[in-house]
Amino acid sequence: MTNDSESQLPADAAEDAADDSAAVEAVPRAQLPELLHAAVAAVGGVERPGQARMAEAVADAVDHGEHLLVQAGTGTGKSLAYLVPALAHGDRVVVATATLALQRQLVERDLPRTVEALHPVLRRRPLFAMLKGRSNYLCLHRANEGTPSEEGEGLFDPVEAMGGPAGKLGQEVLRLRDWADETETGDRDDMSPGVSDKAWAQLSVTSKECLGATRCAYGQECFAEKARERAKLADVVVTNHAMLAIDAIEGAPVLPEHGLLIVDEAHELVNRVTGAATAELTVGAVNRAVKRAARLANEKAVDALQAAAENYHGLMETAQPGRVEELPEYLAYAVTAIRDASRQVITSLGETRDKALSDEDAVRKQAMASAETLHETAERLLADSEYDVVWIERSDRFGLGAASLRVAPLSVSGLLREGLYKERSVVLTSATLKLGGDFNGVAASVGLPSEARLPDERKPGDNPEGGAGFGDEPVPHWRGIDVGSPFKYPKQGILYVARHLADPGRDPERPDMLDELAELIGAAGGRTLGLFSSMRGAQAAAEAMRERLDNRILLQGEDTLGELIREFASDATTCLFGTLSLWQGVDVPGSACQLVVMDRIPFPRPDDPLMSARQKDVEQRGGNGFMAVAATHAALLMAQGAGRLVRAADDRGVVAVLDPRVETKRYGGFFRSSMPEFWYTTDRNQVRRSLAAIDASAAPVRPVAKRG
């Protein structure tokens, strides 16, 4: 679950304005330009044609009960382009984002200023709130009463269990307790400096572990409950994709009723929903369930779960990683034993509920949560559903016994189609939604079929027969528009494909690629963001460049990501190398990043169980599995990676792809057309001259010297 910050109007203001959060009249459409102008001025921005076009399209979608995909390039100002028409319409809106950075921007900058700017026209100040998973809030019961023991021996003081007050973890828990008396939100991300995951876990609970407001002595003061109450009053609720997945897919409503859903950073939605819908059966989880049940469940049930745990542990010690088309008999027997034993534990714990003492109630709740999770996962594994993919995964970090069974949905498009688009308009937006120049691929992945697509531009009297698919309508009608970017990509950037290099193999050691990388960095004077398809590749490149160049080479994993990006942005001669998390979300405008290098097309691993299963499924249905799954996955990453280069109107630079297949293979055009419209070349000498010219025009730096 994403950890995200929360911000809202003060509690007294929320109470005074409670009546305002009820249904209100929409502002006439004719006033939308005026509202947008006021909002842009309030945040110190500049109005963009694409922003105005997007705002009109969002308002159209809401007015006509349709769904909308909007590709809005970097610099468009898409946040205001959806917030202004949403606030003008009057219905409650939920905004779901993928990253903490955008959530903070919305609740700390865009929403407060927009609300004030629109107040003279709206004649009200819409309320806004952040809503997220319970485990992101500090639990007052645990902070004051203690933490349930993993040994099933009641509550214990986590400070002593974590090395005492002198230990690092113990000190973190003490800081958390002090902070509990000071904070108004209990939000982990409002605590600075933060604490480790291990320390936070001692003083937080999942939704299944929570005692509930009526049974908990601290229910009236609970931070999570207060956040939910604020969300019920809010006109705009900012949440994350994982919470959206729980609300839309799991049949457990966690979001207040709303008339409009905005999914920002929508290119991430499928991955986030897949993650939320993935379950895992680990040896550690079964052993924890045994320990947690030991005190309150009956001995027979605990012994049965203990025996099942030992059997499962023995089998998983030697289990080989990979997809499991059908659980073999011995493994199915082990999972069945876990399912049945966990069911016995659940029944036994239920019988102790009314007898539990106050301190035992928390222990019982935690034990019940563990047993229920085991039972649900085992049931799903044994169901052998054609809509699920099951595989064995082993983590080398933990050695023997770390193998686990995992299960994930073969596709989330059907789940999203059923759960996301009923009874509300949905707007999905991102800088990268058109792959290969078309919306249909991304739309299909989020549950919007191509046959339900409407013309991009609305014409007078243009209303689809059957509406937008609300209620029982089978097809969610949608439009797709690309509002462009204010940046002049052909003049600001070059897309260079190193056609002369050899096709990359599985070995990260590519001498010709490393030679090319060193020369490009030299021409750029540093200023390089290196995006690699594997950690092995990033490490090999960092080691080689550190030997050849005098530039400082930062490598992902050697410090926190935030610190690495800060150091990279502060020194133009520095380079930053890394993998997946650097392909998306890095925002370093200016001269510090003038060369973005991709070592190869980031296809998913051939042995990735979920991706290979999805590809096979497409092929069995007569489609092109490679293009629909592997190429789409890679194109999305490359589009995001290329988007790291131009972040401001005066940025200039080169995106260099050191994989000749982007030029030489038939599918290469798909990747090129998925990226920003940079000036394209395969001329290595031209690129070196361009980089040198850009370097010379930037802030002066010392020339890069090659060693030896």
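First, the ground rules. The model is predicted, so local features need pLDDT of at least 70, side-chain atom pairs count only at pLDDT 80 or more, and totals for chains, interfaces and linings use all residues. Residues are numbered from 1 along each chain as its sequence is written, and side-chain values use heavy atoms, with hydrogens and water left out.

Confidence next. pLDDT is the predictor's confidence in each residue, on a scale from 0 to 100. The protein chain averages 86, and 87% of the residues score at least 70. Residues 465-469 have a pLDDT below 50, and that stretch makes 14 contacts in the model beyond near neighbours in sequence. A contact here means heavy atoms within 4.5 Å. Residues 699-708 also fall below 50, with 23 contacts counted in that way.

Now the backbone. When I name helices and strands, they are DSSP runs numbered from the N terminus: helices are H or I with at least four residues, strands are E with at least two. Most residues other than glycine have a negative phi, and most peptide bonds are trans. Where does a cis peptide bond occur? Such a bond joins Ser-192 and Pro-193, with omega at about -5°. Pro-193 is in the loop between helix H8 (168-180) and helix H9 (197-202).

Two non-glycine residues with positive phi are on my list. Arg-123 has a phi of about 60° and sits in the loop between helix H5 (100-122) and strand E3 (128-130). Asp-384 has a phi near 55° and belongs to the loop between helix H16 (358-383) and strand E10 (388-393). For exposure I use relative accessible area: buried is under 20%, exposed is over 50%, and partly exposed is in between, with a 1.4 Å probe and protein chains only. Arg-123 is exposed at 74%, while Asp-384 is partly exposed at 48%.

Helix H3, residues 49-64, is a simple geometry check. At 1.5 Å a residue, its 16 residues should span 22 Å, and the end C-alpha atoms are 23 Å apart, which agrees. The expected span is 1.5 Å times one less than the number of residues. Just after H3, Gly-65 takes a positive phi of about 65°. The buried residues of H3 include Met-54, Val-58 and Val-62. Among the elements covering the buried residues of H3 are helix H2 (32-42), helix H4 (78-89) and strand E12 (425-430).

On to the aromatics. A pair of aromatic rings is described by the distance of the centres and the angle of the planes. Rings of Phe, Tyr and Trp (its six-membered ring) pair if their centres lie within 6.5 Å; planes under 30 degrees apart are stacked, over 60 edge-to-face, and the rest tilted. How many aromatic pairs does a search of the whole structure find? There are ten. One of them is Phe-603 with Tyr-667, edge-to-face at 5.9 Å centre to centre and 85° between the planes. This pair links distant parts of the chain, 64 residues apart: Phe-603 is in the loop between strand E18 (595-598) and helix H24 (609-620), and Tyr-667 is in the loop between helix H26 (661-664) and helix H27 (668-672). Phe-603 is partly exposed at 22%, and Tyr-667 is buried at 17%. Tyr-667 also pairs with Phe-671, with centres 5.8 Å apart and planes at 80°, so that pair is edge-to-face too. Phe-603, Phe-626, Tyr-667, Phe-670 and Phe-671 make up one aromatic cluster.

Two charges sit over rings, meaning NZ of Lys or CZ of Arg within 6 Å of the ring centre and within 35 degrees of the ring normal. Lys-132 is over the ring of Tyr-137, 5.1 Å from its centre. Arg-672 lies over the face of Tyr-680 at 5.4 Å.

Last, the nonpolar cores. A core is a set of buried Ala, Val, Leu, Ile, Met, Phe, Trp, Tyr and Cys residues joined through side-chain atoms within 4.5 Å. The largest has 70 residues, and those with the most contacts inside it include Leu-269, Leu-529 and Met-638. Helix H25 (residues 625-642) gives the most to this core, with seven residues. A second, separate core of 43 residues includes Val-27, Ala-39, Ala-61 and Val-107. Leu-529 touches Phe-568, Leu-582 and Cys-593, among others, not counting residues up to four places away in sequence.
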